[in-house]
Amino acid sequence: MNSQSVIAKLKLITVEPILFLYMMIIFMESNALQELIYVKSCITLRNPVNISDCSYELKANQTDATDLATKWSKYTNICLFLFTFITTFYVGSWSDRLGRKLPMLIPPIGTVIAACINAALSYFIKIHMAYIFISSFVSGITFGSVGIIATSYGYISDFTLEQSRTKRIVILESMIFIGGTAGIKTAGLFLKNVHYEWDLNNFVMLFIFEAVISAAIVIYIIFRIPSYSSDSQSLHGPMTWSSLFSLRHVGDSLRTIFRFREEGKRTKIILMLIALCLIYMGNVVQFTLGYYFLRTIKWNFDEYTNFHSIQFAVEGIALICIFPLLYRFPWVPDHCIGMLGLFSRFMGLAVFGLSALTTYSDYMIYSCILLYMFSEFPVPALRSILSKTVASDEKGRIFAFTTVLQNICFLVGSFVLMTVFTESSFHGLSFEVAAGLQGIAFFILLYLYLTRRTYITAYETIEHEDGSISEICSVVASTGSVN
């Protein structure tokens, strides 16, 4: 491979580093905040002379602190997702009208501010955890990770053809999991031994590191991402402040979903969004309750981060290596790949929840890494189908709506599933409920597969009376095994 081909391939790299770095710091922040909330809960309940007594290595009677931390995590998650839900209606419409660059800049700028707030709350470690609502508010109104995801997928969809779009979406999806793995592992390294006696304890250093990375993302976007990625965006021109925050943007997002479409496409889009909602509910129980569930079987934070990082690494490898291989077979459509992933999610969640009932819980939990290997196949498969179903000027709105849906699921799921977790004597019940939801999503995708329509292009050569020859192209819809 010569230098020119290497340079050409490097030029294809655009939003991938943005998504990787941003998801790394978001997962790092999420894990650190769970630990910080636990420490602050312990301080609130016991008011120890030595704050190190609230670390996991020196914990005593940890049940009450864990229960209090679970409740406050639920409240902060609801705050975050509520404000993100309100603002995300605008990010898709803005990116379709103003270009991807401006909406893409807002989340990392907000993360810089939120990280500084969390660093201050870590420095003053005895301040009540209710002040974490401030950073949740800032992250929410600046779109958070859903803003980066929506604009990144919209940007890639602008530049790729349908034939290669799924591959690029898979690469983007893998950035989420590789970044997530790096973020979880980084949080574990920072917080493995927290020195509370230092003026700048490990929590403070972690959040300062997060702010620095966020600032680097802002600089990269400014110099690497063009203002407009399609002609339709540049035609809209500048917008006034009143039009920028008009409720019309909310209406545009809703019309993208519910407007009439030929051949039953509207119904299929709604069914795909319902399937995504059920998948996101499974993510809620994994990301928000997995940590506290493992705490109930005596796992410490270091063991949790090791397990979670290995799980994310395996999922990322499967997404990068196995997912593209399946696309080499033309008779394997997106629907079947999604169903494979949903079966993997069902098995992984079911076994994970049941592990609380056995004395071999550690073996069952680690077996979930293999069972859950294909768990991230459904989301890129559904995103690919959606991008091929809507018009070119609706891609930003459809991806933004999926992130709005994600926020709704996290908002409702965090409240309902955390309540089930805290109120039920069987802590694995939430995971069994989530497994059942993956089963419903599986049958939705099965229905979409059985009722899908494929298109066959037929060419006919016609010889006219004057001796001229013309070629007619016709597209015929059919139901079959063609992807």
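Biologist: What should I keep in mind before I start?

Modeller: Residues are numbered from 1 along each chain as its sequence is written, and side-chain values use heavy atoms, with hydrogens and water left out. The model is predicted, and local features need pLDDT of at least 70, side-chain atom pairs count only at pLDDT 80 or more, and totals for chains, interfaces and linings use all residues.

Biologist: Which residues of helix α15 are buried?

Modeller: Buried means under 20% relative accessible area, exposed over 50%, and partly exposed in between, with a 1.4 Å probe and protein chains only. Helices are DSSP runs (H or I, at least four residues), numbered from the N terminus. In α15, residues 361–371, the buried ones are Ser 361, Ile 365, Cys 368 and Ile 369. Looking down the axis of α15, these fall within an arc of 110° (taken from the directions from the helix axis to the C-beta atoms), so they line one face of the helix. Tyr 363 and Leu 370 are exposed on the face turned away from the buried side.

Biologist: What do the buried residues of α15 pack against?

Modeller: Contact means heavy atoms within 4.5 Å. The partners are α12 (265–296), α13 (301–326) and α14 (334–354). Helix α14 also holds Ser 344, which is buried at a relative accessible area of 3%. Neighbours within four places in sequence aside, Ser 344 touches Leu 371, Tyr 372, Met 373, Phe 374 and Ser 375.

Biologist: At what angle do α2 and α3 pack?

Modeller: Axes are lines fitted to C-alpha atoms, for helices over the stretch in contact, and angles run from 0 to 180 degrees between N-to-C directions. Under 35 degrees counts as roughly parallel, over 145 as roughly antiparallel, 65 to 115 as roughly perpendicular, and the rest as oblique. Helix α2 (residues 16–46) and helix α3 (residues 63–98) pack at about 125°, axes 8 Å apart, and that makes α2 oblique to α3. Residues of α2 in this contact include Ile 37 and Tyr 38, and those of α3 include Trp 72 and Thr 76.

Biologist: How do α2 and α6 cross?

Modeller: The axes of α2 and α6 (residues 144–159) come within 10 Å and cross at roughly 165°, which makes α2 roughly antiparallel to α6. Among the residues that meet are Leu 19 and Tyr 22 of α2, and Ile 148 and Ile 149 of α6.

Key:
Helix = DSSP H or I, 4+ residues; strand = E, 2+ residues; numbered from the N terminus.
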